[in-house]
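Welcome! Open the model in your viewer, and let's take a short walk through it, one selection at a time.

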Amino acid sequence: MASMLHFFLLLGSLMVASAGSLNENFDITWGDGRGKMINNANLLTLSLDKASGSGFQSKNEYLFGKIDMQVKLVAGNSAGTVTAYYLSSKGSTWDEIDFEFLGNLSGDPYILHTNVFSQGKGNREQQFYLWFDPTADFHTYSILWNPQRIVFFVDGTPIREFNNSESMGVPFPKNQPMKIYSSLWNADDWATRGGLVKTDWTQAPFTASYRNFKADACVWSKGKSSCNSKAPSSSSRNGAWLTQELDSTSQERLKWVQKNYMIYNYCSDTKRFPQGLPAECRSTK
């Protein structure tokens, strides 16, 4: 127990909080001009047309953190499009924490698709409808990632919790630093109604917008974490995310979302796992 406390004190000693203009934190990496930073780099837009989509990635790699981004999704007939916003490491045994927004016909709801990969293994999908129109305004999509759990939030409301189940033999993302990525791309072979609804290119270009990025996180650079300093611990307020768990109110909000808005849960899909549900599903509270 003492060693764990020591670990958190070390980890909490040098938090890095990132905010400010988006060009300080991100590079547009593909799309041949379809990704743009405007308004003094306080707004980033990605666009998709028949020739190409676009994407960006963070300048920094992170190993644990609380990541926030405000996103306004493609409006109108967005069927066939996917807006992905995720953390990912590199290599064949990568870790990944995914938000993917699956477009739909005008008037039909977006599907928010989530997944967690550890050591190259995913297949942990949970999908949700949202309780608002995500194209009408910006909304905050957050990932809490600490050594005990990963929590997905929408406007501060938790929608999914993935707990560390290493004691049951389930790998947990904790050793590989990850960058933040986002892309807008055409996936009409599967994104909308299993690929039945195709992208209507007469509606192009499709555009998604981003602003107000914030990361309270441990930055990984040159093989070292910014949180490995032996200096005295920062205030518990600044490092609260390191040990954050859902309190009783947040647990109730999580249950509300999952009861009313969850449309797919791999932990309930007995047909998909005839040999038995994954171990982390059996450990769910």
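Start by selecting Asp-247, which caps the N-terminal end of helix α2: one of its side-chain oxygens lies 3.2 Å from the backbone nitrogen of Thr-249. Before moving on, note that this is a predicted model, where local features need pLDDT of at least 70 and side-chain atom pairs count only at pLDDT 80 or more, while totals for chains, interfaces and linings use all residues. Residues are numbered from 1 along each chain as its sequence is written, and side-chain values use heavy atoms, leaving out hydrogens and water.

Next, select α2 itself, residues 248-260. Helices here are DSSP runs of H or I with at least four residues, and strands are runs of E with at least two, numbered from the N terminus.

Now colour Ser-250, Gln-251, Leu-254 and Val-257, which are buried (under 20% relative accessible area; exposed is over 50% and partly exposed in between, with a 1.4 Å probe and protein chains only). Looking down the axis of α2, the buried residues fall within an arc of 125 degrees, so they line one face of the helix; the arc is taken from the directions from the helix axis to the C-beta atoms. On the other side, Ser-248, Thr-249, Lys-255 and Lys-259 are exposed.

What covers the buried residues of α2? Show β10 (126-128), β13 (157-163) and β17 (262-265), which are included in that cover.

Conventions: Expected span 1.5 Å × (residues − 1). Contact = heavy atoms within 4.5 Å. Polar contact = N/O pair within 3.5 Å; in protein donor to acceptor, adjacent residues only side chain to side chain.
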